Amino acid sequence: MALSLYVDTARWRAHQKTVLDQFPGLIPVCKGNGYGFGHERLAEEAARLGTDVLAVGTTYEAACIKDWFSGDLLVLTPFRRGEEPVPLPDRVIRSVSSVDGVHALVGARVVIECMSSMKRHGISEQDLHLLHAAIEDVRLEGFALHLPLDRTDGTDAVEEVIAWMDRLRAARLPLHTMFVSHLRAEEQARLQQQFPQTRFRARIGTRLWLGDHEATEYRGAVLDVTPVAKGERFGYRQQKTASEGWLVVVAGGTSHGVGLEAPKAMHGVMPRAKGVARAGLATVNRNLSPFVWAGKQRWFAEPPHMQVSILFVPADAQEPRVGDEMVAHLRHTTTQYDRIVER
């Protein structure tokens, strides 16, 4: 009895191939919890795709994944002088976002991150002239731009990349490879056509592994079903049931990531209104669970426990049975399953 991740493997891999075909030179990204699949599984899938580079989030992830992927590993978190040293093979490429960082990585393979409109990290235009001396002591793999997902001001992602290409060219810096993130396939094609001497390599994670929502599905097994009458007390806090129905214990709790949710950026009146409504219900202990039964998301009877959740299913719905499975709408990047089932 488990929280299971079901994968339509043929469909999932067909989607991966489609993305790979759209982005020549694609670099798969495997970071965090491996987008819900785990590092080892994604390293195997990247090798199956025949990619020569796999991007990871941190040096600690690189130290782990190096045993599962034999190609080059690109660490996305920029190097910082004074960071804890992690033993890594020569095939690891470090991202760096400052001139000081380049100077500190003598002999290393490096990708220099440029400051994009994300304004997260990157070298500034004003410091480009300082790179000439710095890159003499490293093995420069190329430059990189990490772009925003949304452009609410109407700006063009391609124009932002072109502007940086022009700056790098004006600074007489090598432009053999540009690593990019969050470009559409047609945008990368436009850039490749305009700069045929530069190889553009897209670093892609979410679109590659999670782009086909129908290829994967979480399900929690029903462990216990207890009929209750209106007003009966239950659970850790001995709350009263609002009506007749069933208390359903389903696999999947906080240790799996159930009940954990990252903040969301809301745009428009309706999403904000729904957010306000959810917040209001939460103040009276009404929280919608990710579990679906009989076509509806069901309410948590109380906050999820460590490994299970208790749901309330009203009497007008079909009675769940022990051994049934409930589909769960969970975020892959915050979920830890008990088992994976290939279909």
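Q: What does Arg109 form a salt bridge with?
A: Glu141, with the closest N and O atoms 2.8 Å apart in this predicted model. A salt bridge here is a side-chain nitrogen of Lys or Arg within 4 Å of a carboxyl oxygen of Asp or Glu.

Q: Where do Arg109 and Glu141 lie?
A: Arg109 is in strand β6 (residues 109-113) and Glu141 in strand β7 (residues 139-146), so the pair ties together parts 32 residues apart in sequence. Helices (H or I, at least four residues) and strands (E, at least two) are DSSP runs, numbered from the N terminus.

Q: Is Arg109 buried or exposed?
A: Buried, at 13% relative accessible area. Glu141 is partly exposed at 21%. Buried means under 20% relative accessible area, exposed over 50%, partly exposed in between (1.4 Å probe, protein chains only).

Q: New topic. Which side chain meets Arg81 in a salt bridge?
A: Asp100, at 2.9 Å, N to O. Arg81 sits in the loop between β4 (72-75) and β5 (92-96), Asp100 in helix α4 (residues 99-104). They are 19 residues apart.

Q: And how accessible is Arg81?
A: Arg81 is exposed at 52%. Asp100 is partly exposed at 39%.

Q: How many salt bridges does the structure hold?
A: 24. Arg13, Arg41, Glu45, Arg48 and Glu342 are linked in a network of them.

Q: What are the ground rules?
A: Residues are numbered from 1 along each chain as its sequence is written, and side-chain values use heavy atoms, leaving out hydrogens and water. The model is predicted: local features need pLDDT of at least 70, side-chain atom pairs count only at pLDDT 80 or more, and totals for chains, interfaces and linings use all residues.
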